[in-house]
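Please look at the structure below with its aromatic side chains in mind, and then read the short report that follows.

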Amino acid sequence: VGHKVCLRVLDYSFRSSATESERKILLTTNALHLYVDGAKYSTPYEKVVGVWLSTPSGFLAGNTYACTLNIEDAKPIYISIKNYDDAGKLIEQANHYNSFIRVLHLHLCKKSKAHYFFGVKPASYAAKLIVLLAVVMACVTSYFVFNRSGLLILPVGVALMVSAYTLLSFGIKSFPKLYDPDEIPLRLLPN
């Protein structure tokens, strides 16, 4: 006996900071509706061309679980796990975020030809690699330019090794990767 997947209507609210106004997304049968400051923006699932999931994976990557939807001919939609109450206190909503992401993927699998990625976005990835390479080059240059007495070898060597390790670890761990929307990697969702 086969199983039929029932796509639900689901709403999700979030605020990326305590000072930001609340945003609400309603997933319906054929479209997602974003409510911001009293305005409603509707996007058919067919217009979603990309999904980026990010996780809090260190000081060089994002600091929270989030999803960015790239929309054909429109601005991307950023969705955060964060939400705050009226007093500015952070609300725990990991389970609701997990449900929302899974239902969103179910809708998109059926009605969109989106590409699914995780890791650091290419522009941000390139910028962070350039900064890390600049630190490495500054360490090497400072050694050759200012090392008159040999005393700089230890601090420059330590800075160079830490920078090189950070560069390699960031480069391997955070490189943008594809994933199958039917099998969202568990590390992309909060526990």
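## A charge over a ring

In this predicted model, the charged end of Lys24 is placed over the ring of Tyr35, at 5.9 Å from the centre of that ring.

## Aromatic pairs

Tyr12 and Phe14 are both buried, and they belong, together with Tyr97 and Phe100, to one aromatic cluster.

Another aromatic pair is made by Tyr116 and Tyr179, whose rings are 5.7 Å apart from centre to centre, with 65° between the planes, an arrangement that is edge-to-face. This pair links distant parts of the chain, since Tyr116 belongs to strand β8 (residues 115-118), while Tyr179 lies in the segment after β9 (177-178), and the two are 63 residues apart. Both Tyr116 and Tyr179 are buried.

## A nonpolar patch on the surface

Turning to the surface, Leu154, Val158 and Val162 form a nonpolar patch there, and together they have about 290 Å² of accessible area. One of these residues, Val162, is found in helix α3, which covers residues 153-173.

Is Val162 buried, exposed or partly exposed? Its relative accessibility is 49%, and Val162 therefore counts as partly exposed, because that class lies between the limit of under 20% for buried and over 50% for exposed.

Note on methods
Residues are numbered from 1 along each chain as its sequence is written. This is a predicted model: local features need pLDDT of at least 70, side-chain atom pairs count only at pLDDT 80 or more; totals for chains, interfaces and linings use all residues. Side-chain values use heavy atoms; hydrogens and water are left out. Buried means under 20% relative accessible area, exposed over 50%, partly exposed in between (1.4 Å probe, protein chains only). Rings of Phe, Tyr and Trp (its six-membered ring) pair if their centres lie within 6.5 Å; planes under 30 degrees apart count as stacked, over 60 as edge-to-face and the rest as tilted. Helices (H or I, at least four residues) and strands (E, at least two) are DSSP runs, numbered from the N terminus. A charge sits over a ring if NZ of Lys or CZ of Arg is within 6 Å of the ring centre and within 35 degrees of the ring normal. Patches are made of residues with over 30% relative accessible area and no salt bridge: like charges are joined within 9 Å, nonpolar side chains (Val, Leu, Ile, Met, Phe, Trp, Tyr) within 5 Å. Accessible areas come from the Shrake-Rupley method with a 1.4 Å probe; for residues, only the protein chains shown count as cover. A salt bridge is a side-chain nitrogen of Lys or Arg within 4 Å of a carboxyl oxygen of Asp or Glu.
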